[in-house]
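User: Please walk me through the helix packing and the aromatic pairs in this model.

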Amino acid sequence: MRQRAYGQMMRATACLLMAWQVWMVWYIASNEAAGVRWTCDGTGGCASDQFASAAPIVGLGSAVVLGLISARFLHRATPGAMVALSAVAAVAGWYDALAEGRVDHDSTTSFHIFFPFMELSVSAWLTFLWTIAGAGCLAAWWGAAVSLRRTAGLRRLSRRCATADAVLEGWRSAGGKYGEVVVVFDDAAGVRHRVPAVVERVALQRDVRAVYDVDRPDDPARTRVAVSRRKVPSPA
């Protein structure tokens, strides 16, 4: 247990450090965009040895790495959170550049995200980035809601509830991706319970835990199935 807690702490520390890197790279990408000097060879190819010119690519890569190591904590909110973090960091960089007098709202720059040399005004970039940040936040909230429902996250915080390893027996389709099963688990006193429940089909391929009311463990209305990210090992 102590080893697991240590591993979680190390992962959380790595996430914080990588989040700081993502923020700084996207901040630099916009804050120093106006000062990037490009050298062109006359055939359409241009390059720069300044870090800000490559910062968007580094930022994308860093956001992907952060998403991979933070998915254990953020679950389905991960993609939206990465997009929102990157966009807000770039917005902060633009606002600081405006405050420092490096650019004004009508200045056009070659700051780029998806295309190598897309020139837009600072106002246009801010509008674009705020739109992306908003979309990322909405995606993150939706993903968080789905994950909390699937993992019974809010119910597990209640002092009236406990959790136990569970097994699902039977499957009768209830329409769409849902079906009726029997949740089999032992409570804290070692008493076995068999409680009917409705779960998503994906639960059949994942490790699951029963989240039950300690005073009424046999009550289907108070029992939920928490689906983990870990798949059930295939039989040899």
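User: At what angle do the axes of helix α1 and helix α2 cross?

Analyst: This is a predicted model, where local features need pLDDT of at least 70, side-chain atom pairs need 80 or more, and totals for chains, interfaces and linings use all residues. Residues are numbered from 1 along each chain, and side-chain values use heavy atoms, without hydrogens and water. The axes of α1 (residues 2–31) and α2 (residues 51–74) come within 8 Å and cross at roughly 155°.

User: Is α1 roughly parallel or antiparallel to α2?

Analyst: Angles under 35 degrees count as roughly parallel, over 145 as roughly antiparallel, 65 to 115 as roughly perpendicular and the rest as oblique. The crossing angle therefore makes α1, relative to α2, roughly antiparallel.

User: How do the residues of the contact of α1 with α2 divide?

Analyst: Ala, Val, Leu, Ile, Met, Phe, Trp, Tyr, Cys and Pro count as nonpolar, Asp, Glu, Lys and Arg as charged, and the others, Gly among them, as polar. The contact has 22 nonpolar, 5 polar and 3 charged.

User: How many aromatic pairs are there, and what is the pair of Trp-125 and Phe-128?

Analyst: Rings of Phe, Tyr and Trp (its six-membered ring) pair if their centres lie within 6.5 Å; planes under 30 degrees apart are stacked, over 60 edge-to-face, the rest tilted. The structure holds 2 aromatic pairs. Trp-125 and Phe-128 have ring centres 6.0 Å apart and planes at 75°, so this pair is edge-to-face.

User: Which strands hold Phe-185 and Tyr-212?

Analyst: Their ring centres are 5.0 Å apart and the planes at 25°, so Phe-185 and Tyr-212 are stacked. The pair ties together parts 27 residues apart in sequence, because Phe-185 lies in strand β6 and Tyr-212 in strand β8.

Note on methods. Axes are lines fitted to C-alpha atoms, for helices over the stretch in contact, and angles run from 0 to 180 degrees between N-to-C directions. Helices (H or I, at least four residues) and strands (E, at least two) are DSSP runs, numbered from the N terminus.
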